[in-house]
Amino acid sequence: MASSGFQTKKGDSHSDHLVQPTNPNVAAMQEDVLYHFSLSTSTHDFPAMFGDVKFVCVGGSPTRMEAFAKYMAKELGLDHPGAEYPNICRGTDRYAMFKVGPVLSVSHGIGIPSTSVMLHELIKLLYHAHCSDVTVIRIGTSGGIGLKPGSVVITRQAVDASFKPVFEQVVLGKRVVQRTHLDEELAQELMQCSLELLDFPTVLGNTMCTSDFYEGQGRLDGALCSYTEKDKQKYLQAAHSAGVCNIEMESSVLAAICGACSIPVAVVCVTLLNRLEGDQVSSPHEVLVEYQQRPQRLVSHFIKKRLAAARNPPNL
């Protein structure tokens, strides 16, 4: 098994929950080629490479996820002069993957389709590596509704563009609808971490997941636009009334797929603008860089707390 130097103790109610795909065909496969990761069970020793993974942090940008891996190395005391963090998926340009101790940092691209492909192969990777007690967290960016830019939203529930907590796709020509519940305890734990940091405004609320950045989110600045400013404001106000705090493009599929496999999952996104006041992200680059670091700082604090608690469990 891979060793990260971080030992977790068994005995709580969540211990030894092995990652398990719901697809029974996976177990019968002699070889499983994770094509979009450029990894295969016949050419890579998954338990040795990934067996100690306890936290998987995903985000859209390969650059951001590499930066997060380097940040976690420093936070966990694993960084040293000359340390390198190679892209495990360097055989492909679809996704990027970096590992630091028990933390796996993976890019998912933009939108539901790209995230879905990544999640299928990620969950199979964790299964083949015999990983247990894994927590998945998306760290990303979003557009806020009624929030100041730079606010961090911890998602309570992922909803679709009609404000319903569902994820819909067509399978073999039939409409399949899945619920998009996120782990409430995990969300509350992350919220507690934000209260301990007190570095930036953080809220717990619903996140609307859309399939498009422009018309799907009511923007007026795309190449196409079939509505007015008044129509846009009416829609965004309705979303706000439904408890929606921010808009992005991945949370629903993350909730649906991880939920189906009983993997605790959370979404932590910073808002880059208030959509009630505009559509374009116009803050200076250095401001946006600092905003994007906020979810990373929050999730890092959470991971360190979890690891400390695992090394020193309370006496019952």
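Which strands each supply at least two residues of the lining of the second largest pocket? They are strand E6 (135–144), strand E11 (244–248) and strand E12 (265–274). Helices (H or I, at least four residues) and strands (E, at least two) are DSSP runs, numbered from the N terminus.

This is a predicted model, in which local features need pLDDT of at least 70, side-chain atom pairs count only at pLDDT 80 or more, and totals for chains, interfaces and linings use all residues. Residues are numbered from 1 along each chain as its sequence is written, and side-chain values use heavy atoms, with hydrogens and water left out.

**The pocket**

The second largest pocket holds about 390 Å³ of space. A pocket here is an open set of points on a 1 Å grid over the protein atoms alone, where a 1.4 Å probe fits, with protein on both sides within 12 Å along at least five of seven lines; lining residues have an atom within 4 Å of a point. Its volume is the space filled by probe spheres set on the points. Of the 21 lining residues, Ile 110, Thr 141, Phe 213, Met 249 and Glu 250 lie nearest the centre. E6 gives the most to this lining, with 5 residues. By class, the lining has 7 nonpolar, 9 polar and 5 charged residues (Ala, Val, Leu, Ile, Met, Phe, Trp, Tyr, Cys and Pro count as nonpolar, Asp, Glu, Lys and Arg as charged, and the others, Gly among them, as polar).

**Two helices that meet H8**

Now look at helix H8 (residues 285–311). The table gives how its axis meets those of two other helices; axes are lines fitted to C-alpha atoms over the stretch in contact, and angles run from 0 to 180 degrees between N-to-C directions.

| Helix | Axes come within | Crossing angle with H8 |
|---|---|---|
| H3 (residues 62–75) | 11 Å | roughly 40° |
| H5 (residues 184–197) | 9 Å | roughly 105° |

H5 is therefore roughly perpendicular to H8, while H3 and H8 are oblique to each other. Angles under 35 degrees count as roughly parallel, over 145 as roughly antiparallel, 65 to 115 as roughly perpendicular and the rest as oblique.

Contact means heavy atoms within 4.5 Å. Among the residues where H5 meets H8 are Leu 190 and Cys 193 of H5 and Leu 298 and Phe 302 of H8. For H3 and H8, the contact includes Phe 68 and Met 72 of H3 and Val 299 and Ile 303 of H8.

**Two loop residues**

His 130, in the loop between helix H4 (111–128) and E6, has a positive phi near 60° without being a glycine.
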